[in-house]
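Dear colleague,

Please find below the structure that I am handing over to you. My notes on what was found in it follow directly after.

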Amino acid sequence: MRRIRGLGCLTFLCACACALLARSQSASVTVQVEIVNLKTPKKAASTSNRADSSNVVIWLTPIGASTGSAAATPPAPSAPKITQLDKSFDPHVLVIQSGTAVQFPNRDPFLHNVFSLFDGKRFDLGFYEAGSSKTVHFDRVGVSYLFCNIHPEMSAAVIAVDTPYFGLSNRSGRVTIADVPDGRYQLNVWYERSLPENLKSVSRAVTISESARTLEPIKVIENTNFSLEHKNKYGQEYVPPANTSPVYGRP
């Protein structure tokens, strides 16, 4: 009888532990993002399927005593990647916790370069050949805009934040941030095609609780004058180099 009771208690404890684990794993926060183009007629915007609300970054910075614990959370064990393929960076936007190392593999059959000379992490990986990879340690908070000194059409951005609670919107504008404890947070927003003052206007303090895990929708105003055009790493216009090799020259 004692053995049966003991097994019953053990089963009950296991069930409780599983329930707590499931609850902790499902403690996500969601928010819906809408990108607003003030030059697009409302009727056309509502009936069109062209809307792409991806690549909006949302992160939650703890307010008060819990800030220290968030900052001490270690980065993910597996290093994220931005792959160079078909003369583009994939993904175009990557959000990480500061202190994370990012790999840059070259999957094209020719030389590539990765450099960033603005705002966040400044670096220049030089030229490196097909099949090789280099790694950058993003040890400071900020936005690092990435370019290739060979191919002007290539661009990307790495957003390093000081919290483990962040997410990236999908095409429909949905952002999911996993494993967020209850508490008060500063909600921050970044979008490549928006002006800093517009992004600052949608940032706000939020309270996360068991009954409040879906935040109010966010409208991000698109900068209609945004352009991906840029200079090379010497501040000059891109000039196609002479093709000295079918493999390692510029395609």
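Lys 233 is placed over the face of Phe 127, 5.5 Å from the centre of the ring. Please bear in mind that this is a predicted model.

Tyr 145 and Trp 190 form another tilted pair, at 6.4 Å centre to centre and 50 degrees between the planes. Here too distant parts of the chain are linked: Tyr 145 lies in strand 10 and Trp 190 in strand 14, 45 residues apart. Tyr 145 counts as partly exposed, at 23% relative accessibility, whereas Trp 190 is buried at 8%. Ring pairs also join Phe 104, Phe 123 and Phe 138 into a cluster.

Phe 138 is also one of the residues touched by Ser 144, among them Ser 116, Phe 118 and Val 158. Ser 144 is part of strand 10 (residues 142-147) and counts as buried because its relative accessibility is 1%. Its side chain reaches the backbone nitrogen of Lys 121 at 2.7 Å.

Tyr 238 is located in the segment after strand 16 (218-221) and is buried, with a relative accessible area of 15%. A polar atom of the Tyr 238 side chain lies 2.7 Å from the backbone oxygen of Cys 148, and the side chain of Tyr 238 also makes a polar contact of 3.1 Å with the side chain of His 230. Tyr 238 and Asn 149 are separated by 89 residues in sequence, yet their C-alpha atoms are 7.9 Å apart in space. The residues in contact with Tyr 238 include Phe 115, Phe 147, Ile 150 and Pro 152.

Finally, an open sheet of 4 strands is arranged in the order 12-2-14-15, with antiparallel pairing. Strand 12 (166-168) and strand 15 (204-208) are its edge strands, each pairing on one side only. From one strand to the next, the twist averages 30 degrees. Strand 14 (residues 183-190) runs antiparallel to strand 15 and is joined to it by 5 bridges; Gly 183 has Ile 208 in strand 15 as its bridge partner.

Yours sincerely

Key:
Residues numbered from 1 in each chain as written. Predicted model: local features only at pLDDT ≥ 70, side-chain atom pairs only at ≥ 80, totals over all residues. Heavy atoms only, no water. Helix = DSSP H or I, 4+ residues; strand = E, 2+ residues; numbered from the N terminus. Buried < 20%, exposed > 50% of the residue type's maximum accessible area, 1.4 Å probe, protein only. Polar contact = N/O pair within 3.5 Å; in protein donor to acceptor, adjacent residues only side chain to side chain. Contact = heavy atoms within 4.5 Å. Pairing = 2+ DSSP bridges. Axes fitted to C-alpha atoms, helices over the stretch in contact; angles between N-to-C directions. Phe/Tyr/Trp six-rings, centres within 6.5 Å; stacked < 30°, edge-to-face > 60°. Lys NZ or Arg CZ within 6 Å of the ring centre and 35° of its normal. Lists of a residue's contacts leave out its neighbours within four places in sequence.
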